[in-house]
Structure formats: structure tokens, C-alpha cells
Amino acid sequence: MVTRMKILIVEDDLEAAAYLAKAFREAGIVSDHASDGESGLFMASENAYDVLVVDRMLPRRDGLSLITELRRRDVHTPVLILSALGQVDDRVTGLRAGGDDYLPKPYAFSELLARVEVLGRRKGAPEQDMVYRVGDLELDRLSHTVRRQGKEIPLQPREFRLLEYLMKNAGQVVTRTMLLENVWDYHFDPQTNVIDVHVSRLRSKIEKDFDPPLLRTIRGAGYMIKDDRAPDA
């Protein structure tokens with residue numbers, strides 16, 4: 001159990017908010033409460049929290065707008081979205097707005113607690129959030145630069161987004177559908193060769209004159225970026 005974690009609950013249902021505050025307190029987690037989106041935006045911007053638990057349907061400012069504005073302000077506190085809207089499209093919309101996790105209502109508190117604890121462990125220094133590293137390859141999301149062995153590698157915007165997504169999921173297989181939805185915003189035609197073309201260009205840029213190779217094709221599954229010299233987690 002994570003103790004002394006501090007979270008913000010943004011929930012307009014006062015009874016539900018009181019229940020969550022009590023349950024989190026019993027789990028050793030300190031919580032503040034905001035009853036509408038504007039109050040939640042102010043509190044999340046002005047105070048340090050480990051995790052934000054945000055209802056999607058809120059008065060004054062809805063939950064997705066709240067999260068989007070926080071990200072625009074460079075507030076990267078992990079956000080768990082709670083919502084009665086639980087369809088796949090709803091969850092995808094929430095995650096694309098800047099949420100880190102999405103839990104449909106109704107839910108079991110034990111699952112909510114576990115997800116909050118995971119997000120709390122994920123929270124790190126800004127450097128960890130804004131810079132991805134795989135072996136000697138480094139991608140800086142703030143400066144939009146990529147370097148390998150200290151040498152800057154110029155990338156086109158789409159190549160940068162592709163590499164960013166692959167590095168965000170380093171060590172995991174990334175499917176063609178995942179790339180289409182997260183890099184190209186397509187929701188169809190997984191057989192298009194646009195991915196192969198861009199992966200090929202990206203591979204030539206980040207691996208030409210460098211060793212070892214990092215970007216691999218997983219036959220029949222997708223792609224993975226990984227440094228084989230690094231020990232498995």
C-alpha cells in the first residue's frame with residue numbers, strides 16, 4: 001500500500017466524493033476535494049498532487065477540458081478519469097485528452113485504489129516525463145530533438161511522433177493498429193503501407209552508422225524498440 005500519497009478528487013457528487021475520501025483515508029492516502037471543473041483546475045494547477053481522480057461530467061468545466069488545460073499548462077500529474085461513459089470510443093477520447101487511465105462507473109474501490117497506486121508510482125521528475133531513452137538513443141519531448149551517442153538526428157514531424165510512441169512503449173510490441181490510432185489518428189485500413197514506409201525511414205536515420213540496432217520488426221505482430229544490452233525489467 002502506498003502511504004502518505006496525496007491526491008485530488010474532482011467530483012460533483014458530494015456523496016460519492018465523501019465516500020472516496022473516506023475510503024482513501026482508510027488506505028493511508030490523503031485527499032482534497034473539488035466539486036467542479038474550474039475549482040479542480042485551480043487546485044491541480046496551484047498544488048502538488050501525486051494523482052488526480054477526475055470525474056468526466058462536471059459543472060463549470062468538464063473533466064476532459066480540465067485535463068487538456070492542465071497539460072497545456074505543463075501540469076503532468078497523472079490523471080485517472082472516472083466516468084459513466086465506458087465505451088471504447090469514450091475511453092480513447094479520455095486518454096487522448098491527456099488522461100493516464102480510465103475507469104468506467106460503476107467500479108470496485110479495490111480496483112480504483114490499485115490503479116491510483118500504480119499511477120502514484122509512475123509519477124517521476126519532469127526529466128523522466130519529458131525525455132525518453134533507449135540505450136544511447138534519446139528523445140527530448142520539450143526541445144523536439146533526437147540524439148544518439150550525442151549526435152543530433154533530424155526527423156520529420158511524423159517520424160518524431162512515431163519514434164516518440166515507440167520509445168514511450170519501449171520493450172513492448174506496438175501493433176500496426178496502435179500506430180495508426182496514436183500516430184496517424186486513423187481508425188481503419190491496418191493494411192496500409194504508410195507505416196512500413198515511415199518505419200523504414202526512421203530505422204535508417206536512427207541506426208545508420210550506429211550500433212546496436214534498436215528498432216525491430218516483430219513478424220506478424222508489429223514493432224518494438226529495445227536495447228538488447230539492457231537487462232530485462
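Residues are numbered from 1 along each chain as its sequence is written. Because the model is predicted, local features need pLDDT of at least 70 and side-chain atom pairs count only at pLDDT 80 or more, while totals for chains, interfaces and linings use all residues, and side-chain values rest on heavy atoms, with hydrogens and water left out.

The sheet is open and parallel, with five strands in the order β2-β1-β3-β4-β5; strands (E, at least two residues) and helices (H or I, at least four) are DSSP runs numbered from the N terminus, and two strands pair if DSSP finds at least two bridges between them. At the edges lie β2 (30-34) and β5 (101-104), each of which pairs on one side only. Between β1 and β2, which run parallel, there are five bridges, and Lys-6 stands opposite Val-30 in β2.

| Helix | Strands touched | Angle |
|---|---|---|
| α3 (residues 63-72) | β1, β3 (51-55), β4 (79-83) | about 170° with β4 |
| α4 (residues 88-96) | β4, β5 | about 145° with β5 |

Glu-11 sits in the loop between β1 (6-10) and α1 (14-26). Glu-11 counts as buried because its relative accessibility is 4%, where buried means under 20% relative accessible area, exposed over 50%, and partly exposed in between (1.4 Å probe, protein chains only). Beyond its neighbours within four places in sequence, Glu-11 contacts Ala-16, Ala-17, His-33, Ala-34, Ser-35, Asp-55, Leu-58 and Lys-105.

Note on methods. Contact means heavy atoms within 4.5 Å. Axes are lines fitted to C-alpha atoms, for helices over the stretch in contact, and angles run from 0 to 180 degrees between N-to-C directions.
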